[in-house]
Amino acid sequence: MKAKEVIIQVFDELSTSDLQGEHFIKTLIDSFTAGYYKFTDEVWMAAIDKDGVMYLNPNGFEEHKEDLIKNNEYSEAIFRNDTKFIILHESLHQAGGHFLRDANKNPELWNIATDFWINTFIRDKFGIKPSKTLENKILFPEKFKIPIFNTSDEYYDYIARNPELKQEIQEYIKGNEKIIIDLPIDADEPKTGKGRGKEPKTGRGKGDKSETGKGKENEPKTGKGRGDGLKTGKERGKGTIDADGPERGYINRFHRFKEEVEKKGYSLDEGVYAELSAVFKKTQAYTNWKYWLKKYLTLSRVLKVSWSKPNRRYLPHGIILPSYEQEQELKAVIGIDISGSISEKELEIFFNETDGIIKQLRALGVKKYIIHIIYFHTSIVKEVVFDSKRDKSLFDFLLKNLPSETGGTSFVQLISRYQYLIKHYKSKHIPLIVLTDLDGEFPKYRPQGHILWLTTGLTKAPFGQVVIYKPKKEE
């Protein structure tokens with residue numbers, strides 16, 4: 001059987017199997033890849049781009065097959081197993097968020113560190129062992145007497161702290177012409193090989209055509225994956241293109257993956273969770289602040305169950321079910337740090353965006369809203385309530401009540417007041433949205449409720465969702 005046919009079969013198996021161990025793999029493929037692949041000779045053997053599109057070179061797999069034969073190790077089962085290993089390797093680059101975690105890292109070392117984690121993960125967690133031939137082409141930490149770590153970052157730090165080890169690994173790679181060193185490729189340009197893909201070192205020559213899915217000839221459309229009309233072979237997942245940025249998209253996919261796996265009764269062990277959630281911890285702040293502002297502002301609009309108004313859809317069938325209505329009353333608490341860390345322009349943009357969201361909700365039928373606005377520095381300076389019964393423009397209201405007083409920063413009184421308001425309204429769904437630089441004192445307890453920190457400065461808080469607030473100048 002030709003390598004291309006084996007690749008197609010293995011990809012199908014990985015994407016459709018539903019056995020206990022394989023359900024994890026299927027969910028991984030569906031959640032983190034675009035759900036399809038592209039045949040091309042512009043990669044060494046396999047690569048994946050930022051959009052989750054996988055690039056596979058049948059010629060590279062055919063050469064690996066020949067190596068297996070030369071080493072008296074070939075059987076169809078062994079070749080299929082190695083093919084599975086390589087496809088999973090590329091999927092885990094995307095699943096681990098390696099595109100989003102390489103900032104301020106040495107590209108070559110990050111490449112090596114992620115390969116250490118991926119290859120060990122596939123072997124030890126999935127129980128898929130490579131052939132001796134493939135094992136000699138890829139990197140495992142024990143080859144260099146490196147301990148097994150839970151994350152790529154730990155491997156990276158360990159190598160970076162040991163210059164002699166770094167040199168040993170580099171010399172090993174240079175001295176092994178068969179070594180497969182790949183990195184997730186840029187969506188614009190599918191180039192991999194030895195190193196980071198600065199040159200298209202395919203070793204196979206550059207063809208004029210590439211193929212997608214089940215061997216359909218197409219002009220090479222690398223583009224942006226799904227966005228530029230790339231034809232699909234097997235398109236199963238929901239895709240990985242995210243209008244509001246790759247970080248938030250990854251976070252959404254990670255939680256979908258986690259939920260799907262846990263539905264089957266399996267839990268992510270510490271090692272799996274540590275690597276796959278690393279990008280969430282590192283990038284949760286760098287997301288669309290407008291998206292998070294709107295999401296938190298509308299948290300209090302929960303669904304209300306009503307048995308007094310049965311669901312009319314099922315009444316003709318003699319089935320009485322409750323109707324569901326979204327709460328048409330919005331409640332929120334907004335904390336504004338007036339210590340001097342927020343510029344007038346940043347305040348104006350925040351006020352304007354918040355006012356716009358309220359106007360949108362009003363147009364959608366929100367009849368009542370009560371928003372507590374708390375201006376604070378080391379203590380609460382002023383608290384005012386924006387009420388739909390008497391107030392129309394939130395922008396004017398916020399600007400009119402803005403105190404001129406400044407000071408240091410403490411969140412203790414603000415959080416205490418927020419806890420009181422949650423109890424007062426008897427709802428944990430009321431959000432607290434805080435515009436601040438996060439440079440201040442926090443309470444020593446973990447509060448109840450939903451807290452969003454829109455920060456102009458620091459990016460870490462002991463609780464709540466942190467989002468960088470950097471509005472564009474034109475806003």
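In strand β13, Val466 is the bridge partner of Trp453, and on the other side of the account Val434 stands opposite Trp453 in β12. Strands here are DSSP E runs of at least two residues and helices are H or I runs of at least four, both numbered from the N terminus. This is a predicted model, in which local features need pLDDT of at least 70 and side-chain atom pairs count only at pLDDT 80 or more, while totals for chains, interfaces and linings use all residues. Residues are numbered from 1 along each chain as its sequence is written, and side-chain values use heavy atoms, with hydrogens and water left out.

Strand β12 (residues 450-455) runs parallel to β11 (residues 431-436), joined by six bridges, and parallel to β13 (residues 465-468), joined by four; strands pair if DSSP finds at least two bridges between them. Five of the six residues of β12 are buried, where buried means under 20% relative accessible area, exposed over 50% and partly exposed in between (1.4 Å probe, protein chains only).

Turning to charged side chains, a salt bridge places a side-chain nitrogen of Lys or Arg within 4 Å of a carboxyl oxygen of Asp or Glu, and the whole structure holds seven. Glu353 and Lys290 meet in one of them at 3.9 Å, N to O; because Glu353 lies in helix α13 (residues 344-363) and Lys290 in helix α12 (residues 289-297), the pair ties together parts that are 63 residues apart in sequence. Within α13, Lys359 and Asp355 are four residues apart, separated by about one helical turn, and their closest N and O atoms are 3.2 Å apart. Asp355 is buried at 4% relative accessible area, whereas Lys359, at 44% relative accessibility, counts as partly exposed.
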